[in-house]
Amino acid sequence: MTNATATKSKGGFGPSWFNSRTVVMTLYLVFMLLPIYWLLNMSLKTNTEILNDFTLFPNNLTLANYKTILTDPAWYMGYVNSIIYVTINTVISLAVALPAAYAFSRYHFMGDKHLFFWLLTNRMAPPAVFALPFFQLYSSVGLFDTHIAVALAHTLFNVPLAVWILEGFMRGVPKEIDETAYIDGYSFGKFFVKIFTPLIASGIGVAAFFCFMFSWVELLLSRTLTTVDAKPISAIMTRTQGAAGIDWGVLAAAGVLTIVPGALVIYFVRNYIAKGFALGRV
């Protein structure tokens, strides 16, 4: 009896199964990474080569598209604006969601389950529903075309999600820790910052990741609530057509640079995300 047959007879997996799995995973990775590679490939080409030739590698490699983005204020300020309002949104969302999630995880009051469900329904609504009310509200109070306007609009969707994620992590922390800290003389603020927050650091990392990603990729509200001063990169990329047509090379380079912040965030919180999946809350 061969080793492969003996392995199968014992309920294991033979080399043929391993090779099949390897082939499937390789094809899957190629399929997933192909659009990213093609975007990078286009960003290193001229418009003439993009439109006239089908090449797997640039014939005349150029960095002019990236130079245009990094030297043109109309382009690089879009990234600056996006980072500003995404950071503001993430901070506000976590600042609101942390005490709210603690209340849901530790206390029971009349209508708590209904209120928790109502919060989640806000996350389920499409952004288009709120675009017109936000536009009219911010125009009337003088917040239109500001970073805080987009950040506050995104909190409507990020706070419910952050509360839902954090509540699951907080529920996993025994209540006896709270009682012990109070007996030892800790105030609620001191206990929450020094003891409780480190225990749910992974949950905070997961919630921050999802808040960042939603705010970074959201287009409708960020485009509706801005015109010039706070216009994000996602809105700029949808307005690239000029008299000479669409500048495909610059657009591809902008797409590559747009992926970078998300990739960095994923790299730094990858362990927290894995723990969130393990706890069943993500």
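Which backbone nitrogen does the side chain of serine 82 reach? In this predicted model, the side chain of serine 82 reaches the backbone nitrogen of isoleucine 233 at 3.0 Å, and the legends below set that pair among its surroundings.

Residues are numbered from 1 along each chain as its sequence is written, and side-chain values use heavy atoms, with hydrogens and water left out. Because the model is predicted, local features need pLDDT of at least 70 and side-chain atom pairs count only at pLDDT 80 or more, whereas totals for chains, interfaces and linings use all residues.

**View 1. The whole protein chain.** The protein chain has 14 helices and two strands, where helices (H or I, at least four residues) and strands (E, at least two) are DSSP runs numbered from the N terminus. Of its 282 residues, 38% count as buried; buried means under 20% relative accessible area, exposed over 50%, and partly exposed in between, with a 1.4 Å probe and protein chains only. The accessible surface comes to about 16,200 Å², and 71% of that surface belongs to carbon and sulfur atoms; the areas come from the Shrake-Rupley method with a 1.4 Å probe, and for residues only the protein chains shown count as cover. Among contacts with a separation of 6 or more, 73% are accounted for by residues 24 or more positions apart, a contact being heavy atoms within 4.5 Å.

**View 2. Serine 82 in helix 5.** Serine 82 has its place in helix 5 (residues 73-106) and counts as buried because its relative accessibility is 1%. When neighbours within four places in sequence are left aside, serine 82 is in contact with Trp216, Pro232 and Ile233. With Ile233, the side chain of serine 82 also has the 3.0 Å approach to the backbone nitrogen; a polar contact is a pair of N or O atoms within 3.5 Å, of which, within protein, one must be able to donate a hydrogen and the other to accept it, and residues adjacent in sequence count only if both atoms are side-chain atoms.

**View 3. Tryptophan 216 in helix 11.** Tryptophan 216 lies in helix 11 (residues 201-217) and, at 5% relative accessibility, counts as buried. Although tryptophan 216 and serine 82 are 134 residues apart in sequence, they are 6.8 Å apart in space, C-alpha to C-alpha. Not counting residues up to four places away in sequence, tryptophan 216 touches Tyr79, Ser82, Ile83, Val86, Thr258 and Pro261. For one of these residues, threonine 258, the side chain of tryptophan 216 reaches the backbone oxygen at 3.1 Å.

**View 4. Tyrosine 79 in helix 5.** Tyrosine 79 also has its place in helix 5, and it is buried, with a relative accessible area of 10%. Its side chain reaches the backbone oxygen of alanine 254 at 2.6 Å. Leaving aside neighbours within four places in sequence, tyrosine 79 is in contact with Ile69, Trp216, Ile233, Ala253, Ala254, Leu257 and Thr258. The C-alpha atoms of tyrosine 79 and leucine 257 are separated by 8.9 Å, while the two residues are 178 residues apart along the chain.

**View 5. Helix 5 against helix 8.** Helix 5 and helix 8 (residues 147-171) pack at an angle of about 35 degrees, with their axes 6 Å apart; the axes are lines fitted to C-alpha atoms, for helices over the stretch in contact, and angles run from 0 to 180 degrees between N-to-C directions. By class, the contact of helix 5 with helix 8 has 20 nonpolar, eight polar and three charged residues, where Ala, Val, Leu, Ile, Met, Phe, Trp, Tyr, Cys and Pro count as nonpolar, Asp, Glu, Lys and Arg as charged, and the others, Gly among them, as polar.

**View 6. Glutamate 218 and histidine 154.** Glutamate 218 has its place in the loop between helix 11 and helix 12 (220-224), and at 6% relative accessibility glutamate 218 counts as buried. Its side chain makes a polar contact with the side chain of histidine 154 (2.8 Å). Not counting residues up to four places away in sequence, glutamate 218 touches Tyr85, Pro127, His154 and Ser234.

**View 7. Aspartate 145 in a loop.** Aspartate 145 has its place in the loop between helix 7 (128-141) and helix 8, and counts as buried at 10% relative accessibility. Phi of aspartate 145 is near 65 degrees, a positive value in a residue other than glycine. Most residues other than glycine have a negative phi.
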